[in-house]
Amino acid sequence: MKYKAIISLVIIFLLSACTGNPKQASYSVDHYDLARSAVYTQRELINTQLAQSANGASEQRSPRQTMLLLSYCDLIDRRTIYASNLPGYCAQQDMQTRHCTSAFHRCLKSCELRSSDCVRCEQPAIDCINLSEH
């Protein structure tokens with residue numbers, strides 16, 4: 001009987017602690033997801049740069065390139081990608097942008113990197129970043 005009361009109090013305490021916390025954005029991403037994101041982000045940045053060079057396209061960045069660059073900056077900040085000098089476009093990211101890039105990194109864990117399946121993770125990240133800029 002005593003144990004049931006103690007267990008009940010512990011459960012009530014844990015449940016009230018969970019509901020008492022305000023919802024906070026999660027920026028944590030495990031190392032596996034960060035490594036997958038680094039592979040994908042770097043490959044796609046190289047591919048977009050090569051496509052621009054081949055087409056003689058202008059220097060203006062597309063929303064996709066902006067999102068990939070922000071992902072790259074976030075990966076540098078998390079020390080997943082090493083950069084001896086922080087690129088100029090890696091300005092301090094606000095919390096909303098950080099949330100967007102974190103969600104992008106986590107999304108990549110469920111796609112096949114050697115296919116076009118990961119493209120489905122890009123548009124939600126682009127939309128999220130666009131919302132944070134306005």
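By class, four nonpolar, two polar and three charged residues make up the lining of the second largest pocket. Bear in mind as you look around that this is a predicted model.

To see that pocket, select Cys73, Asp74, Asp77, Leu86, Cys90, Ala91, Gln92, Gln93 and Arg98, which line it. The space inside is about 150 Å³. Colour helix α3 next: three of the lining residues come from it, the largest share.

Stay with Asp74 and show its side chain. Asp74 forms a salt bridge with Arg98 (3.5 Å, N to O). This pair ties together distant parts of the chain, with Arg98 in helix α4 (residues 95-107) and Asp74 in helix α3, 24 residues apart. Asp74 counts as buried because its relative accessibility is 0%, whereas Arg98 is partly exposed at 22%.

Next, move to the largest pocket, with a volume of about 220 Å³. Of its 13 lining residues, select Leu45, Gln49, Gln65, Leu69 and Tyr89, the closest to its centre. Two elements, α2 (31-55) and α3 (63-77), each give two or more residues to the lining, and α2 has the largest share with six. The lining here divides into five nonpolar, six polar and two charged residues.

For a last stop, select Arg43, Glu44, Arg64 and Glu122, which are joined in a network of salt bridges. Then try Asp117 and Arg120, another salt-bridged pair (3.2 Å, N to O). Asp117 is partly exposed at 31%, and Arg120 is partly exposed at 41%. The whole structure holds eight salt bridges.

Key:
Residues are numbered from 1 along each chain as its sequence is written. This is a predicted model: local features need pLDDT of at least 70, side-chain atom pairs count only at pLDDT 80 or more; totals for chains, interfaces and linings use all residues. Side-chain values use heavy atoms; hydrogens and water are left out. On a 1 Å grid over the protein atoms alone, a cavity is a set of points where a 1.4 Å probe fits but cannot get out, and a pocket is an open set with protein on both sides within 12 Å along at least five of seven lines; lining residues have an atom within 4 Å of a point. Grid points are joined across faces, edges and corners, and a volume is the space filled by probe spheres set on the points. Helices (H or I, at least four residues) and strands (E, at least two) are DSSP runs, numbered from the N terminus. Ala, Val, Leu, Ile, Met, Phe, Trp, Tyr, Cys and Pro count as nonpolar, Asp, Glu, Lys and Arg as charged, and the others, Gly among them, as polar. A salt bridge is a side-chain nitrogen of Lys or Arg within 4 Å of a carboxyl oxygen of Asp or Glu. Buried means under 20% relative accessible area, exposed over 50%, partly exposed in between (1.4 Å probe, protein chains only).
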